[in-house]
Amino acid sequence: MLVSDFSFDLPDELIARHPLAERRASRLLVLDGPTGQLAHRGFADLLDYLRPGDLMVFNNTRVIPARLYGQKASGGRVEVLVERVLDEHRVLAHVRSSKSPKPGSEILIDGGGAAAMLARHDALFELEFSEPVLPLLERVGHMPLPPYIDRPDDTADRERYQTVYAERAGAVAAPTAGLHFDAALLEALRGKGIETAFVTLHVGAGTFQPVRVDRIEEHQMHREWLEVDQAVVDAVLACRARGGRVIAVGTTSVRSLESAARDGRLAPFSGDTDIFIYPGKPFHVVDALVTNFHLPESTLLMLVSAFAGYRETMAAYAEAIASGYRFFSYGDAMFITRNPAARGPEDSR
C-alpha cells in the first residue's frame with residue numbers, strides 16, 4: 001500500500017490558521033460509512049446523529065505551553081519543544097539551534113530559568129531544568145501550534161488550542177476534534193441521554209511528522225503515553241449491553257481504545273502505544289468517530305480511511321475541498337459511522 005495513495009491537493013486558503021469566534025460554529029460533514037452518503041451540517045447538529053444510550057469517549061489530555069526560546073550559555077539562539085515530561089525537572093525535547101548542545105551544556109530560557117543538557121536519545125535531548133518544569137512552562141512557555149499554523153502563538157491560543165474538558169497536562173498537540181465542544185453542547189449531550197467517558201493520550205509532536213517511506217507497511221509509528229482505566233472499560237461494556245454505540249471523539253480516542261483492545265478484548269491499559277491503524281487493520285471497539293480534516297499522506301488520514309473506507313474517505317475530502325471546508329487543527333469536523341466493509345486503495349482502483 002503506497003503512501004502516495006493518500007495524497008490530495010489542498011488550497012492554502014482552506015488551512016484554518018485561527019479558530020472561529022465560537023467553538024460550535026464550525027461545519028460538520030457527515031459520512032455514513034456503509035453507504036458513502038454525505039450530509040453538510042453545522043457542528044451543533046451532531047446531536048441529531050446521536051442516540052440515547054450511546055457512549056462518547058473523549059481524550060482529557062491538556063496541552064502544555066511546550067515551546068521555549070532561549071540561548072546557549074556559550075551563545076547562539078535555541079528553540080526547545082518539549083516532547084515528554086519525564087519527572088518534575090526532566091524532559092525529552094526537540095532542540096533547534098545552529099549547533100546541537102553537548103552534554104553538560106546549559107540553555108538559558110527567555111523569561112527566566114535554565115536547563116542542562118544531560119544526554120541525547122536519537123532525535124530527542126534529555127534536559128534537566130533548574131526548577132519544576134510544568135510551572136516554568138506555564139510562566140514562560142508558548143503554545144506549540146502545529147507547523148501549518150504559520151504564525152506566532154497569541155494569548156487566545158492558551159484557551160482555544162485546548163479542549164474545555166482538558167484535565168491531565170502532558171500533550172504538545174491538542175486532540176483537535178474536541179475543540180468544537182463547549183460547555184453547553186456537553187450539557188446537551190447529557191440531556192439527550194448520551195453517556196461520556198474519558199481516556200488520556202498525551203499527543204506528541206510526532207503526530208505532525210511526515211511519513212518518510214513509500215510503502216505504508218514500512219512506517220514506524222512514534223510512541224505516545226496513554227491510559228484507559230477500568231471506568232472506561234466498564235462504560236464500554238455497559239454501552240454494548242444496552243445496544244448503544246461507542247463514539248470516539250478524535251483519532252487519539254480511537255488509538256487509545258484500540259490500543260487497549262489489541263487482542264480483541266478491551267481491558268485497562270496504561271503505558272506507551274505505537275499502534276498504527278491503516279486500511280485492512282481491524283477495529284474492536286469504536287463504532288463512530290468525530291474527527292477533523294487531516295494532512296495529506298498522514299497516518300491520521302490512513303486511520304480514517306481504515307474506518308470509513310479509502311474510496312469513501314477520499315471522496316468526502318474532495319467534497320469538503322469543493323465546498324470550502326476549513327482544514328486541520330482549527331478547522332471543521334466530520335462525523336463518520338464505521339464501514340464494516342471498508343476497503344483500501346488497492347481494492348478501490
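**View 1. Helix α5 and its covered residues.** Thr251, Thr252, Ser253, Val254, Arg255, Ser256, Leu257, Glu258 and Ser259 are the buried residues of helix α5. Together they give nine buried residues out of nine, so to speak a mostly covered helix, spanning residues 251-259. Buried here means under 20% relative accessible area, exposed means over 50%, and partly exposed lies in between (1.4 Å probe, protein chains only). Helices (H or I, at least four residues) and strands (E, at least two) are DSSP runs, numbered from the N terminus. Please keep in mind that this is a predicted model, in which local features need pLDDT of at least 70 and side-chain atom pairs count only at pLDDT 80 or more, while totals for chains, interfaces and linings use all residues. Residues are numbered from 1 along each chain as its sequence is written, and side-chain values use heavy atoms, with hydrogens and water left out.

**View 2. The surroundings of serine 329.** Look for this residue in the loop between α7 (310-322) and β17 (333-337). Serine 329 has a relative accessible area of 4% and is therefore buried. Leaving aside residues up to four places away in sequence, serine 329 touches Pro146, Tyr148, Ile149, Tyr161, Thr176, Leu179 and Asn292. Contact means heavy atoms within 4.5 Å.

View 3. Strand β5 (residues 67-72) pairs with strand β6 (residues 77-85) in the antiparallel sense, over five bridges. Two strands pair if DSSP finds at least two bridges between them. Arginine 67 sits opposite leucine 81 of β6. Four residues lie between β5 and β6 in their hairpin, and glycine 75 in the turn has a positive phi of about 105 degrees. On to the next hairpin: four residues join β6 to β7. Seven bridges link β6 and strand β7 (residues 90-97), again in the antiparallel sense, and valine 85 faces valine 91 in β7.

**View 4. The open sheet of nine strands.** The strand order is β2-β1-β17-β16-β14-β3-β12-β13-β15, with mixed pairing. β2 (38-42) and β15 (269-273) stand at the edges with a single partner strand each, so one side of each has no neighbour in the sheet. On average, neighbouring strands of this sheet are turned by 20 degrees against each other, direction ignored. Axes are lines fitted to C-alpha atoms, for helices over the stretch in contact, and angles run from 0 to 180 degrees between N-to-C directions.

View 5. Strand β14 (residues 246-249) and strand β16 (residues 288-292) pair in the parallel sense over three bridges. Which residue in β16 is the bridge partner of isoleucine 247? That residue is alanine 288. Helix α4 (residues 230-241) lies across β3 (55-59), β12 (195-201), β13 (224-228) and β14, and runs at about 140 degrees to β12.
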